[in-house]
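Here's a quick walk through one protein structure, written for someone who would rather look at the model than at tables. Keep the viewer open as you read.

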Amino acid sequence: MPREHDLDAHLQLRTDDDLVTGTLFIGPEAPSSEITPHVLAVFLDSKGIAERALDRAALKKLAADAQATSGVEVSAIVARGRPPRHGQPRKLEWTAQINERIDEIEARSSEDTDPHQPSSDASPEECADQQAVDHYGHSAFIIVNGGDELGTISPPDPGEDGEDIFGGVIPAKQSPNPSYIDSESIDLTEDNRVNARNSGHLVYSGSLRSVAATLEVPGDVGFATGNIDFPGPVNVGGGVKDLFRIDATGDVTVRRLVEAASISSDRDVIVERGVAGRDTGQIRSGRDVRAGYVESATINAGRDCIVQREITNCQIVARGSILIESGAVRGGAMTAGKRIEVGVLGSAQEVPSEILTGSIPELDQPLARIRVLRERADTKRSDLAFKLESLRSAMDTSNPDAIEKTMALDFDISEISTRITRLDEAAERIRVNLRKHADAQLSVQKRIHPGVRILFRNCAVRFEEEFDGPFTLKLDREGEPVIDQHGNERPAREVAVVEPDDTLDYLGGPDSTHSVHSEQPRESLGNGLVSDEGQQAA
Amino acid sequence: MRIMLIDDSKTMRNIQKSVLKQLGYTEIEEACDGQDALSKVAAFNPDLCLVDWNMPVMDGLTFVKTFRQKDKSTPLIMVTTEAEKSRVIEAIKAGVNNYVVKPFTPDLLSERITETLAKVSA
């Protein structure tokens, strides 16, 4: 026993942190003649090492080394446990269609994105092929709809427990659902399918796979991104290049310049810097359009159009107001359902500009159509009435043919009269809606220049000389244009030329003519919506 | 209610049809003379007939006489002109229930139809 005890003093067992390996050290002073594999195994047993963990071959070799190299410390791993196999993270596999789109996008991003610069080593045929590709329609984004299947996810793998060198269990770690999948926007179903919870842009790389409800375009919308059709809001960090298009159901915000491009949104469009449309740029919004400035572009706003600095040579239609409170408007045409507020209107060079307030195209156009139809029907009815009168005056009342002819004419006149009644009813419904939603008013803060023509529904106003603001030009209760300066109203004709103009006198149908000089008050205002009947009648 | 219009003039049929539609009658069959009407009545089984007097092939009076040999109850309205008015008695004897003189207004026609149907159902 003392000798064994002595030998123990020269042996040392060390383990790794996980207790999966045991290394036996034999000191230099150990009596080498006494070291045998058996002695070493007994020592390890005394330390609690499990029999099945012992590496007999290693023990044998270590004992032989100790005997052969007396006076030197030797060591070897002599016990091995079994490390656990941890549960594997679940793996996401996109659908073939999404994989194909990812490949396309990645291939494109690795190419030169400007199609006008074909690679220098491309053959003429390859150049022609490159030209034939629709680079505008190639989107750099994968857009999905809520409920779309995105792929599948591998079933969970629980792993397998390990065993340390003392026989203890080393539990396998369980792997939760992958942390790189955003559960807010991606649904993992029980049958291991992966579906989009909402519509948006599929984020398929980076630390989190998700369906982003807002599309963030860090740079420009151009050849690198292609056109954008997105079922939600779009934020563009750069600008929108020539001929590219954004079509979104949510707000569209562009930080920099919109060139001769097209933006369409069911909600607001905000262009922080400005729009330089070069006569082809277009912006359509279901609600407001806001911009720093707008130049040579067409804007169609469902509600207001608000511009900070200036509008130059643009065609603007806003169902609500057009507000450029401190800025200037030069050239072009503007139509607003409600008021127009502007700092400076026109220019010293007398650039022609046309301003129409109190007009809503969706109501005015059918009304104009009704007016045309009404006039045609009226003419037709007069013609038939004249024919009928002539026939009756010369009619042989015993002639059945003549009787039938008069009856047919009577019948046609009655049909036309019914149609005219329906047209009048439809027109009246539209007028009621126009009165409810339209408000003709132009406010100028600083100055109006000659060359500007302001159209109201029944007249046109133009200034022959510069006229300083602030003032508001509007129609009084009699339909006369008046200028309101600091609460004092006076007829506009005192400072401007007021001309009757029925171009836009849609309200003045054949039965309700209303001129600038009319003494009759305007029809009383009413409320109510124009029903589809009005449109149908038109 | 099924109504048959028997008139050689398409214009007259159209006028009558328009009045009937305004009154809410949409099941309408047309015939261009008495013979054409006789060939259609079995299939259409009208509840009322508007019969013009003057027609080629078979006039209204002949149609009424032939029709009444088999059908005593379906109401018939004769459409006449001022010239035929004196012969209305003959038509009534043949079996017409009412008559309307051309030129008539839509209101008058609808009045005659309503009146005839009311009489028959009374």
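Chain A has an open sheet of 3 strands, in the order 1-2-3 and with antiparallel pairing. Strand 1 (11-15) and strand 3 (74-80) of chain A sit at the edges with a single partner strand each, so one side of each has no neighbour in the sheet. On average, neighbouring strands here are turned by 25° against each other, direction ignored. Strands (E, at least two residues) and helices (H or I, at least four) are DSSP runs numbered from the N terminus, and two strands pair if DSSP finds at least two bridges between them.

Strand 1 and strand 2 (residues 21-26) of chain A pair in the antiparallel sense over 5 bridges. To pick one out, look at A:Leu11, whose bridge partner in strand 2 of chain A is A:Ile26. Helix 2 (residues 37-46) of chain A packs on the sheet and touches strand 1, strand 2 and strand 3 of chain A, its direction making about 55° with that of strand 1 of chain A. Helix 3 (residues 56-68) of chain A packs there too, touching strand 2 and strand 3 of chain A, at about 165° to the direction of strand 3 of chain A. Axes are lines fitted to C-alpha atoms, for helices over the stretch in contact, and angles run from 0 to 180 degrees between N-to-C directions.

## About the model

This is a predicted model: local features need pLDDT of at least 70, side-chain atom pairs count only at pLDDT 80 or more, and totals for chains, interfaces and linings use all residues. Residues are numbered from 1 along each chain as its sequence is written, chains are lettered from A and ligands numbered from 1 in the order written, and side-chain values use heavy atoms, with hydrogens and water left out.

## Zooming in on A:Ser285

A:Ser285 is in strand 23 (residues 274-285) of chain A. It counts as buried, at 3% relative accessibility (buried is under 20% relative accessible area, exposed over 50%, partly exposed in between, with a 1.4 Å probe and protein chains only). Beyond its neighbours within four places in sequence, A:Ser285 is in contact (heavy atoms within 4.5 Å) with residues including A:Arg267 and A:Asn300.

## Where the chains meet

Chain A brings 10 residues to the contact and chain B brings 14. What links A:Glu404 to B:Lys102? Their side chains meet in a salt bridge, 3.1 Å from N to O (a side-chain nitrogen of Lys or Arg within 4 Å of a carboxyl oxygen of Asp or Glu).
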